[in-house]
Amino acid sequence: MNVRPSPKLRLCSGCELTTGAKSHCPRCGTALFDRRPNSLQYSWALLITAAILLFPANTLPITQFTNQGLTTYDTIYSGIVSLVDNEMPAIAVIVFTASVAVPIAKVIGLTLILLTIQRQWPLSKTRLTRYFHIIEFIGRWSMLDLFVISIVASLINMGQLLHAKPAPAATYFALVILLTQLAAKCLDPRLLWDLEKKPHHD
Amino acid sequence: MLQKAILCPTCDTLISKATLRHGIKAYCPRCASQVYHQPYCDLAGLAAMTLAALMIYFPANLLPILEINLVGNLRSTTVLHGALTVFEQGYWLVAIAVILTGLVAPLLLMLSILCQLWLLKTRRYPHLLRWLLLRHKTLNELCMIEIYLISLFVSIFKLIDIADLTYGWGILCYILLFIMIFYVQYEYNSQRMWDYYERQAES
């Protein structure tokens, strides 16, 4: 399967054409680069912002619930605990995965990949690449909690009697999803594989 | 002109391209990422599925997807109603995210694919076709019908203890919409579309 690499060929980021053209893709006209420009800088900036916002997203309440004049607040974590208490473990697992595990796994995974690229850590590139594809695929599922909040809020609205509303963490959580998705998009995975060319035992 | 060799988008290895049977995927020998695949159906089949998805889109989003009976008060909701509720409560970023990923992106994706197929068939406006093809990936990632459907089920389980739920035609249409869009996304192949675009541009 392997063909001897030719240094002249490049992949177009717009239409994925492999081309020997110099400045622009002959098929779709997108500017050609060896690697995505400033990939690491963009990715770090988005990732660090997301990691900071992860704290308010997890500590502040994400929903408020009024029952007969009494208002209670739920954070992501306490919402999951109450699902377990109400004997809905399967739903609790889904919400835990989408709202807690996925955002944290995204931040840790991307940090690990970025540090491996910059510090040349001897981690398995195949494993990190697989992790990167999983992050790309599963990252969008964090939207689940926001969809649920919008559905519940639009159905339970009876004033002081019974009322469900979002709370401040919802916005922070939306920002975490947006920023981590963009960070993964900005990261060029080919930089990871470029490490193989650098060592002297080439 | 079909390409003989391609570079892996994940690790930049040059791979010689082999013709695949339908439904078969090719993986990179170096980094094990999927590099290309051969879809099952032709463009006519894709057009049929996209049209079906577009037809079911409107009842799925106009009919109530969920109805509840709260101590004698009937409440019903749609995707848009859910988003507008959180918008009115001041959470406009959440509302925009819901509208964009649950409502606008799926519609634009189906319209874009239909438009691309029409432009290929009639050999018209190659610039518009290129513009649509370049934006396909973003639109595809923003379309989150499958996540919305699972959210709907999670909401049902959360609400089932507080209120009586009824399921109308809306939720059935929404499940059908999910199935149609799932198949459209599975059968749509960017590389094939670009190949057709290139052949059209050459002739």
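Visitor: Which residue in E6(A) does A:Thr63 stand opposite?
Guide: A:Pro166. Bear in mind that this is a predicted model.

Visitor: In what sense do strand E3 of chain A and E6(A) pair, and over how many bridges?
Guide: Antiparallel, over five bridges. E3 covers residues 63-67 of chain A.

Visitor: What is the strand order in the sheet?
Guide: The order is E4-E3-E6-E5 in chain A. The sheet is open, has four strands and is paired in the antiparallel sense.

Visitor: And which strands stand at the edges?
Guide: E4 (70-74) and E5 of chain A. Each has a single partner strand, so one side of each has no neighbour in the sheet.

Visitor: What holds strands of a sheet together in general?
Guide: They pair through backbone hydrogen bonds, parallel or antiparallel.

Visitor: Back to this model. Which strands does H5(A) lie across?
Guide: E3 and E6 of chain A. H5(A) runs at about 150° to E6(A).

Visitor: Switching to the interface. How many residues of chain A are in contact with chain B?
Guide: 47 residues of chain A, against 52 residues of chain B.

Visitor: Which element gives the most to that side of chain A?
Guide: H5(A), with twelve residues.

Visitor: What about confidence in chain A?
Guide: The mean pLDDT is 89, and 94% of the residues of chain A reach 70 or more. By element, helix H1 (39-59) of chain A has the highest mean, 96. Strand E5 (157-158) of chain A has the lowest, 84.

Visitor: Which domains does the assignment give for chain A?
Guide: Domain 1 is 7-33 and domain 2 is 38-197. Their C-alpha centres lie 34 Å apart.

Visitor: How much helix is in 40-60 and in 91-120 of chain B?
Guide: Residues 40-60 of chain B are 86% helix, with end C-alpha atoms 27 Å apart. Residues 91-120 of chain B are 97% helix, with end C-alpha atoms 42 Å apart. Strand is 0% in 40-60 and 0% in 91-120.

Definitions and conventions:
Residues numbered from 1 in each chain as written. Chains lettered and ligands numbered in written order. Predicted model: local features only at pLDDT ≥ 70, side-chain atom pairs only at ≥ 80, totals over all residues. Domains from an automatic or database assignment. Contact = placed C-beta atoms within 7 Å. Helix = DSSP H or I, 4+ residues; strand = E, 2+ residues; numbered from the N terminus. pLDDT = per-residue confidence, 0-100. Pairing = 2+ DSSP bridges. Axes fitted to C-alpha atoms, helices over the stretch in contact; angles between N-to-C directions.
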